[in-house]
Amino acid sequence: MDNNKLIEEKFVVEINKVDLIFNKNSKKEFKALEKLDIKIRNGQIFCLLGPNGSGKTTTINLINGLLEPTHGDITVLGMKPSKSRKTVLRKISLVPQETALYNDLTARENLLFHARYYGVNRKYISKKVDEVLGIVQLKNRQNDRVGTFSGGMQRRLALARALLTEPEILLLDEPTLGVDVQSRNAIWEQIRTLALEGKTVILTTNYMEEAEALGEQVLIIDKGKPVKSGSPNELKRYIGQKQMIIHFTDTTYAKQVYDYIAKDYDVTFKGNQLNVNTNTLNIQFQLLQQLSKYEKHMSHLDYSEPNLQDVFLHFTGKELRD
Amino acid sequence: MFHSILAIVCKDLLLIIRKPMFSIISLLVPLLFIIFYALVIHTSSTNPIVIANHSEGPYTDRFIDILQEIKSVEGPYLEIITLDSELAFEKYNNRQVDALLEIPKSFEKNLSTGKQSALKLKVFNINSDGTKNYQLRIDHALYEFHKSLNEESIISTNEDMTFVQDTPMKSYVSTGLLIFSVLLTSMVSTGTLMAREWEERTAKSIVLTPKGFLPLIVGKWVTAFLVTVVNTVLVLPLLYILLGYPIGQMTTLVWFYLLLFFLYGSAAGVLLGVLFKKTLPIVPISVVIGMSEFLVSSLESYIRGFAHGGMTEWLWRLGSWWPSSEIIDTIRFTVEGFEQIAINWGALFYMALWVGLMIIIALIKLNKQLSFTQGQ
Amino acid sequence: MKKWQAILAIHNRNMKILIRQKQMLIQPIIVPLVLLFLMVVIFGGGGDNWPVVIADESKSVESQALMEAFKNSESNITPYFDLIEMNPYEAEKKVSEGRLHLFIKIPDNFVESKNIELKTYNINSDAMKNVRLRVEHALNKYFEQQGELKVISHQVTEQPNDVWRSAFYGGSSVLLTLFLGSMIIAANLHAFDHENRSVKEIILTPTGSITAGLGIILTSVYVSLIISLIPLTLSILFLHFDFHFYNILLVYLSIIPLLIGCAGIGLLLGACFKQYRVLQPLIILIAIGTYIIGGGFAGVNMLMPLAREIANIWIFSVIFEWFNPVIHNFAISFSFRQYTFLLLAGILGFLFTFIAYRFKLRNSIFGGQ
């Protein structure tokens, strides 16, 4: 009880100033991660967003203990994964990118194998398998071979496998890579439900909408270096404000209005439209009231705000990644 | 631990049943190799020949009888395809046989009158081994013929043999074939069962459990053991039927040694699986190791006698240094009933050491290679 | 023109795969080489001389003559005995340890008894055949020198010199590399597309998927011809292999259609079994089996009747039975029937390729791939 409380109050995963260097002191030396700092709270959905080869999977491998940092500390549930590997592995589950399922076994056989191998109590194995199959909505296909499944179904099954062991932390490596919209939504829904149940979810993705839809906390990572972290809204705000775009019937009126409000608002004049930076609703109302006399010369209003893609490109640039 | 091992075994057996082709081929390889070897082993004892006989009479008959009778413990030295002169030449000229012995018309007359008679041995000498074998066999026939003419005139030999009798070559080789089959099956089965987890990208889900590697390795060993047992059950009757292997004389100790060879093959398989993580190189490397064990270790006690100098001595020393050869001989002598059943503790310990070493290297390698590199 | 371009593109891709995935290339090189090495070293590739210790305790004129007979006993390539100097006590010990197979003692009463004593390590019948028959050969030689041999044998060989056993193994190894190489490389390259999921790309090429097969055949034949130069060179350098330029050239040119046939079989097997781990043991087994019973280890004529029957049915035995005589200059050309067969093998190779790509490859694609 006390222990649980402790976990709730502390960060479940803490990565402090971690460097990871492959083939150190050799010609092939390669810095995979540099000065990585991550703190993840219990029950949070934490999203690692980055282009290909940015170090997302490497970070996941640090958390699950497959890799050890060259410098810095990493603790998972208060333990060092490389030292207390077995204890840490009891509390986390990974859904790897490649799904790691046996194509020639059925969905149920895959889950039964994993449950038995992991050492789930034999009495409850069958019930547990039924339960997780239900969660990922694959009960009706449980006796079909995985080789016949679509990519989305395979990812859902891999998620079910991760849930078999009732982990505290779920590591999802690109959970919706290459799946259709329906499967993606279903997976997102399942992830949200898991988080609501108190599980900590750490996922990697290079899909902006995924990070935006799921991530309570997002860390943009590029070339092994953390670039920016925060909630999706915070990140968006960082690179720009919401804008109200007022379209006029004629450029003359647009110019007139510009002259009228320029001293009070952060506004730019572009042909027959004015772009006004307005971060709160109050400012928008106030402005619209001031402009009521120009109503008949205004054609329509638009609102725009920076999306995560803008944020992402802002921080990582447009250079191609291999 | 036990349940995890069982889970691996059940899963692998299910996969084998679902996709049995590889296992069937793995089982077939040693079986067919034994069949091939059984078919070719007779070349060491019996050589086909045609005889063009132009002579008639008691000396001729006696000589031909001798040609037909000369044999080793394994079988006749010569397979006389025909005694008909015309057919003999036809077969030789058409390259249906590599040797022709011509008994001249004057053979009978010369022997009756005390003159020397010359036989002509025609040989298609594309392989010096064949030429030598024909020459020595005809010489043996001539020696026996002269002995039958006048036993006192020839130089006789008294032989003091180390073993009460010669072990027939086919029986001698059978032990090696049995070991080859156990080794190859265990090595290929374990190696590919291990490598498949990486090749089919399923390893991560197994590795990332708190159970560690031991259930994985032991599970693979148990599955490979079952496959090897099936293989041995098929191989033994084949050895008995084709090569007369005395399977009835296989004692508990022999079975224990076979188990040891299984462990050796499995340990090598685990190491190969971990090193390569691909099935592509495992099969040929296993074949090479299995063949080397068969040709070097299992024949060591034979090679030992003629390995004086050159590459042969070097290879023999390598083979004698490896523990397999001593154990194989212990199995051989036990099965042939030459020696009292005794555990060869030295070789046993040595072999166990190698098995342990290979497993330790595999485990170290597994631990090191946990680094599923980025993006995988 | 476009077809040729596509075939060459596939060939270039294949060459790059083979160079980078060295395991694929190493198999057809290493299997014949290891087999050759072991065969040569274990089955007397160095010659026919058998180590023996002879102790002459008689020291008589007769015993000296017998000693000479032992020394002068020889096969067509080397002496039959390798006489080792050793004292009798040590020699007996070496025999009982198995370090020697034979110790011959000519006793002091040899002249009267006409008897010699042999101590043997009779580990198996093959060793004893070699030992005992050599002794009798020497005894016959002694009789002959004494003028007491009533019947002698004259050997007449087809060629003035025997082909050394090691050279025979060398020639067989070249042929093994050629046919194993073309078959396994083709199968591996075909399986590569399955294992790397690039089958669809091959099927959907506008030049037709068969071009991929033809490209693989080109690579397999080309690479197997190249790698076979390794055992050929080693045989010439170390194994008493007589190099007959015309014969080797004839073999290399005439075997090409056969290699196309083998590559076609490799493709067909690749299309049927798809995975390396199934294909490799199967093909290596076919190769080693053919080597053993098809005339690679010893000519088919030397085998037991059942084996001869099998070899006659087992079509691959023509590889050793037809080409070895040409390699070793026992024949200087092939017969019309043989050429026809070789041509047919080439045509069959193309037919197998067609089947592998037309039917088998398409069947391998299913949803979601």
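## Helix α4 of chain C

Helices, as named here, are DSSP runs of H or I that cover at least four residues, and they are numbered from the N terminus. In this predicted model, helix α4 of chain C spans residues 88-97, and at its start a side-chain oxygen of Asn87(C) comes to within 3.1 Å of the backbone nitrogen of Tyr89(C). After α4(C) comes Gly98(C), a residue with a positive phi, near 85°.

## Confidence in chains A and C

Chain C has a mean pLDDT of 89, with 93% of its residues at 70 or more. Where pLDDT is low, the predicted coordinates should not be read in detail.

For chain A the average pLDDT is 83, and 93% of the residues score at least 70. Among the elements of chain A, the lowest mean pLDDT, 49, belongs to helix α1 (residues 2-9), whereas the highest, 90, belongs to strand β7 (residues 200-205).

Chain A contains twelve helices and 13 strands, and its C-alpha atoms fill a box of roughly 80 × 55 × 45 Å along the principal axes. Of its 322 residues, 52% count as buried. When contacts in chain A with a separation of 6 or more are considered, 68% of them are accounted for by residues 24 or more positions apart.

## Cavities, and the largest of them

Rolling a probe the size of a water molecule over the atoms shows where empty space is left. Across the whole structure, such a search finds eleven cavities of 30 Å³ or more, and the largest cavity has a volume of about 130 Å³.

The lining of the largest cavity consists of 15 residues, and those nearest its centre are Ser93(A), Leu94(A), His114(A), Ser205(B) and Leu208(B). At least two lining residues come from each of β5 (92-95), α4 (107-118) and α6 (151-163) of chain A and from α8 (203-207) of chain B, with β5(A) giving the most, three residues.

## Ser75 of chain C and its contacts

Ser75(C) sits in the loop of chain C between α3 (61-72) and β2 (81-83). Because its relative accessibility is 7%, which is under the 20% limit, Ser75(C) counts as buried. The side chain of Ser75(C) makes a polar contact of 2.6 Å with the side chain of Asp48(C), and it also reaches the backbone nitrogen of Ile77(C) at 3.1 Å. When neighbours within four places in sequence are left aside, the residues in contact with Ser75(C) are Gln135(B), Asp48(C) and Tyr80(C).

Most residues other than glycine have a negative phi. Ala100(A), although it is not a glycine, has a positive phi of about 55°; this residue lies in the loop between β5 and α4 of chain A. With a relative accessibility of 1%, Ala100(A) counts as buried.

Lys59(C), also a residue other than glycine, has a positive phi near 50°, and its place is in the loop between β1 (50-56) and α3 of chain C. Is Lys59(C) buried or exposed? Because its relative accessibility is 64%, which is over the 50% limit, Lys59(C) counts as exposed.

How values were computed: Residues are numbered from 1 along each chain as its sequence is written. Chains are lettered from A and ligands numbered from 1 in the order in which they are written. Side-chain values use heavy atoms; hydrogens and water are left out. Buried means under 20% relative accessible area, exposed over 50%, partly exposed in between (1.4 Å probe, protein chains only). A polar contact is a pair of N or O atoms within 3.5 Å; within protein, one must be able to donate a hydrogen and the other to accept it, and residues adjacent in sequence count only if both atoms are side-chain atoms. Contact means heavy atoms within 4.5 Å. On a 1 Å grid over the protein atoms alone, a cavity is a set of points where a 1.4 Å probe fits but cannot get out, and a pocket is an open set with protein on both sides within 12 Å along at least five of seven lines; lining residues have an atom within 4 Å of a point. Grid points are joined across faces, edges and corners, and a volume is the space filled by probe spheres set on the points. pLDDT is the predictor's confidence in each residue, from 0 to 100.
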